[in-house]
Every structure is written in structure tokens, then in C-alpha cells.
Amino acid sequence: MTATRPRTLAEKVWDAHTVRRGEGAEPDLLYIDLHLVHEVTSPQAFDGLRLAGRKVRRPDLTIATEDHNVPTEGIELPIADPVSRTQVETLRRNCKEFGVRLHPMGDAEQGIVHVIGPQLGLTQPGMTVVCGDSHTSTHGAFGAMAFGIGTSEVEHVLATQTLPLRPFKTMAITVDGELRPGVTAKDIILAVIAKIGTGGGQGYVLEYRGSAIEALSMEARMTICNMSIEAGARAGMVAPDETTFAYLKGRPHAPKGADWDAALAEWRELRTDPGAEFDAEVHLDASELTPFVTWGTNPGQGLPLAETVPDPARIADENQRVAAEKALSYMDLRPGMPLREIAVDTVFLGSCTNGRIEDLRAAADVLRGRKVASGVRMLVVPGSMRVRQAAEAEGLDKVFLAAGAEWRQAGCSMCLGMNPDQLSPGERSASTSNRNFEGRQGKGGRTHLVSPLVAAATAVRGTLSSPEDLPVEAGRS
Ligand SMILES: CC(C)[C@H](C(=O)O)[C@@H](O)C(=O)O
Ligand code: SF4
């Protein structure tokens with residue numbers, strides 16, 4: 001008997017899905033277990049099928065939702081913006097014609113594609129998951145190999161349930177130690193990206209491991225895997241463990257009875273073997289981390305909240321210096337200014353990074369008995385209708401409303417300017433989303449990426465803050 005070579009988690013999932021090994025420079029052909037679809041990247045793919053007279057090969061493994069273009073208020077009305085309306089209507093027509101399950105606006109299961117997959121128990125350990133969306137990496141939190149694909153690949157998967165791909169390199173990101181109170185998964189991933197850079201993960205699948213990752217909830221692991229793409233990586237993964245299994249058990253699409261036991265036995269094998277080699281390794285000490293915020297126009301331009309706006313003149317690398325100068329000019333910030341003094345106009349709590357129930361709970365705990373600063377607007381947008389419902393069952397909506405925040409319906413919302421929730425030119429936000437690119441939240445808008453705790457504290461103080469910066473108010477329990 002030949003001993004098998006020790007393999008990483010990513011290699012195990014890859015091998016288990018290889019329908020055909022490519023020869024030489026040829027790509028491998030991978031089987032796809034779950035294909036998620038939304039209105040933005042699917043229209044041409046369905047058109048392609050139609051033109052070729054093809055069907056969707058596995059409608060049962062394909063599921064669609066409306067998220068990017070949906071308004072988060074007045075959802076009973078027709079969508080006012082003609083481009084958004086066309087996109088959503090096209091998805092509805094396509095799903096009907098091709099027999100794909102769709103969760104439209106207003107449906108109890110509707111929400112951001114990366115929130116509903118895990119919530120329904122569709123995303124499972126060891127699967128291959130794709131979607132025409134870069135933040136598909138979110139699903140890697142379950143030990144799935146999950147990555148974004150382009151529209152022509154969407155068509156290929158719709159038609160064949162397979163995808164030709166060249167193997168990725170593997171990178172271990174080990175985070176050991178214990179997080180301090182007030183420091184969250186969002187701070188870990190912003191610190192990782194600041195460390196390796198927005199191109200640092202290019203060509204790699206990242207595997208997050210170490211005691212700090214093991215201690216995280218599934219939702220927190222999703223926050224981390226979600227932003228793998230912001231480090232340039234193809235995917236991010238966490239080995240499934242008891243936390244994963246407990247999250248999945250009893251969800252609508254999770255295996256049941258004997259199937260559950262069989263699945264568990266397989267899932268327990270999904271870890272990197274001792275002695276397996278990664279192509280690269282990065283280490284981080286969780287106990288040294290503090291709340292992180294971005295000051296620039298890419299997710300790698302971040303610093304601990306206690307720092308000051310960096311001085312480009314002190315950045316040795318020329319490309320980085322020029323990028324920092326450009327970012328500061330767009331962001332209208334001066335070097336040396338304490339990050340805590342940056343005043344915002346808007347706070348956005350939501351997105352597939354931080355729009356789940358634990359994120360809402362964390363922010364509500366900060367806001368309970370407090371008020372959003374005058375002149376600041378705060379939008380709270382649950383990542384799905386189920387999250388919204390769960391939040392209301394706990395009375396979180398009342399906490400947000402009493403604080404003076406807006407309580408919305410589910411969608412991508414202000415994460416990106418494809419729907420009515422946008423920044424106006426020059427407006428500045430603290431946002432729990434994942435991208436702070438120029439114009440991302442609306443033309444001329446300025447974005448600081450933050451955790452839900454920082455978002456809530458910032459809403460109260462009006463400047464970038466952590467809960468520690470808030471006075472203890474009378475009447476708060
Ligand atoms: C619109 C979609 C293709 C895009 C993505 O791929 O990520 C969006 O979700 C985003 O976050 O920028
Ligand atoms: S919430 Fe933002 S990052 Fe997530 S899918 Fe929607 S637009 Fe993309």
C-alpha cells in the first residue's frame with residue numbers, strides 16, 4: 001500500500017472534485033457542488049445558454065437571489081431605477097425559464113447571496129461553491145473551496161456543472177493567541193490585508209488557522225473568509241470543526257439522520273494533514289491586535305484606530321507612497337491627524353462581511369440606551385430577511401430605531417452604489433463592508449472600513465471610535 005502524501009485542506013477538496021486532470025499546462029476540470037446566482041453577473045450567461053439551445057444542467061444545485069440592485073425601503077413598489085429594474089426582472093425571467101429556484105425581493109429567504117447560502121445550510125464542508133461574485137470566498141469559512149467566477153464561467157457551470165481551473169497555490173495564515181475585548185474578526189482580516197497587501201494573496205487559497213481562528217464563531221469566520229479576495233486571494237478557508245457542525249445541524253439543507261452521521265464522518269477528515277506543506281506562511285498574534293480602520297482607498301490601507309493618518313513622505317516604497325498620496329487627496333485627510341478625530345456623515349452597518357445577526361447584536365449592544373450623534377445618519381441593513389426577522393424577534397430593531405438609526409430591508413445596500421443607498425459626493429462613511437475604493441459607495445463618497453463595534457461607537461461619537469471611547473451612560477445595563 002502506498003502512503004498518501006500529506007495534503008492541505010484545499011488540496012483535499014480540489015482532489016475530491018477533479019473530474020479530469022489536465023495534462024501539462026491544461027487546466028483540471030472540477031465538479032461544482034453549489035452554484036449561487038444573482039442579478040448582476042447572470043444575464044449574459046443565461047443568454048449564452050439560450051443561444052446555444054442548452055439547459056441548466058443541475059437546476060437543483062443552482063440557487064438565485066436578488067441582492068445588489070434591490071432598494072432597502074419601499075420594496076413593495078416597482079424598482080424606480082430602470083437599469084436595476086431591468087436586471088432584477090431579467091433574473092426573474094431567466095430563473096423561470098430555466099427552472100432555477102429564486103428568492104426575490106420580499107421573500108422570506110431573500111438576502112445577500114453570501115448570507116443566504118450558509119443560512120440555508122446549502123454551503124457545506126468540502127464542497128466546491130462558485131458564484132459570479134468575488135466575495136464567494138465567504139463560504140470557505142465552512143471548509144468549502146469557494147471562489148468568484150466571471151460571467152462566461154457562470155455560463156459554463158450552468159451548462160455543465162463543471163469548471164476548468166488551474167490549481168491554486170496554498171498559503172497558511174496562522175492567527176494564534178486570544179483577542180482582546182472589543183477586537184473582532186473584522187480587525188483580524190483588516191490587519192492581515194494591511195500586512196500582506198492587496199496583492200499578497202494573488203494566486204493563493206488562504207487557509208486561516210490557529211487558536212484565534214478556532215475560537216471564532218462561524219459568522220466571524222465568514223467575515224474573515226469574505227475579505228480574502230481583498231488580499232488578492234482566490235479563496236479563503238477554515239477547516240471545519242465542532243463550531244461548524246453545530247452551526248449547520250438542523251438547517252434546511254443540511255443532511256439529516258443517517259446522512260448527517262455519514263457527512264460528519266467525512267467532514268472530520270477535512271483538515272490539513274500534519275506535515276503538509278503550504279507554498280507560503282504568514283503569522284499573526286491575535287493578542288496584539290486592536291480595532292483596525294482604513295484611512296485610504298484600498299482595504300490594505302488600514303491602521304489601528306489609535307494611530308494617526310500616515311505621512312506619505314515617510315513611505316519608502318515609491319508605488320505605495322504615490323498610492324498613499326492619491327488616497328489622502330481623495331479622502332481629504334491630512335498626515336498626522338489622529339484617526340479618532342475623523343468625523344463621518346454616515347455609518348453603514350450591513351453587507352456580506354458584517355450583516356449577520358451577531359454583527360447586529362454587537363452593534364446594538366453598543367447603541368442600547370445611546371443616541372446616534374446629531375448630523376450623523378446610520379443605516380442598519382440586515383444581510384437577509386431571516387437576519388432581519390431574527391433581529392426583530394430579539395428587539396434589536398427597537399434598539400436601532402431608539403438610537404436614531406434607520407432599520408431597513410435586506411440587500412447589498414450601501415456596500416456598493418448599485419441601488420438607492422449611496423453616499424453623495426464628498427460624504428464620508430464608517431462602513432462595515434469590505435471595499436473602500438473611490439466611488440464604491442456612491443460617486444465622490446469616502447469610505448472607512450470598520451467593524452460593527454467601531455461602526456456603532458462611531459455613530460454615537462460622530463468620529464471614528466471604539467466602544468472604549470464612549471462614556472458609560474446612566475441607565476445602560
Ligand atoms: C457586482 C459583483 C460582480 C461584485 C463582485 O464581484 O464582488 C460585487 O458583489 C462587489 O462586491 O463588488
Ligand atoms: S454586500 Fe457588497 S461585497 Fe457583498 S455581494 Fe453585495 S456588493 Fe458584493
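Tutor: Start with ligand 1: around it sit V40, T41, H68, D133, S134, H135, G148 and L416, where a residue is near a molecule if its C-beta atom, placed from the backbone, lies within 6 Å of it. This is a predicted model, where local features need pLDDT of at least 70, side-chain atom pairs count only at pLDDT 80 or more, and totals for chains, interfaces and linings use all residues. Residues are numbered from 1 along each chain as its sequence is written, while chains are lettered from A and ligands numbered from 1 in the order in which they are written.

Student: Which classes make up the shell around ligand 1?

Tutor: Ala, Val, Leu, Ile, Met, Phe, Trp, Tyr, Cys and Pro count as nonpolar, Asp, Glu, Lys and Arg as charged, and the others, Gly among them, as polar. Here that gives two nonpolar, five polar and one charged.

Student: Which residues come nearest to ligand 2?

Tutor: S351, C352, C412, C415 and L416, out of 13 around ligand 2.

Student: How do I read the domains?

Tutor: Their bounds come from an automatic or database domain assignment. Here you get domain 1 (9–168) and domain 2 (293–469), and the shell around ligand 2 draws at least three residues from each.

Student: Is F245 buried, exposed or partly exposed?

Tutor: Count other C-beta atoms within 10 Å: 20 or more is buried, 12 or fewer exposed, in between partly exposed, with C-beta atoms placed from the backbone. F245 is partly exposed because it has 18.
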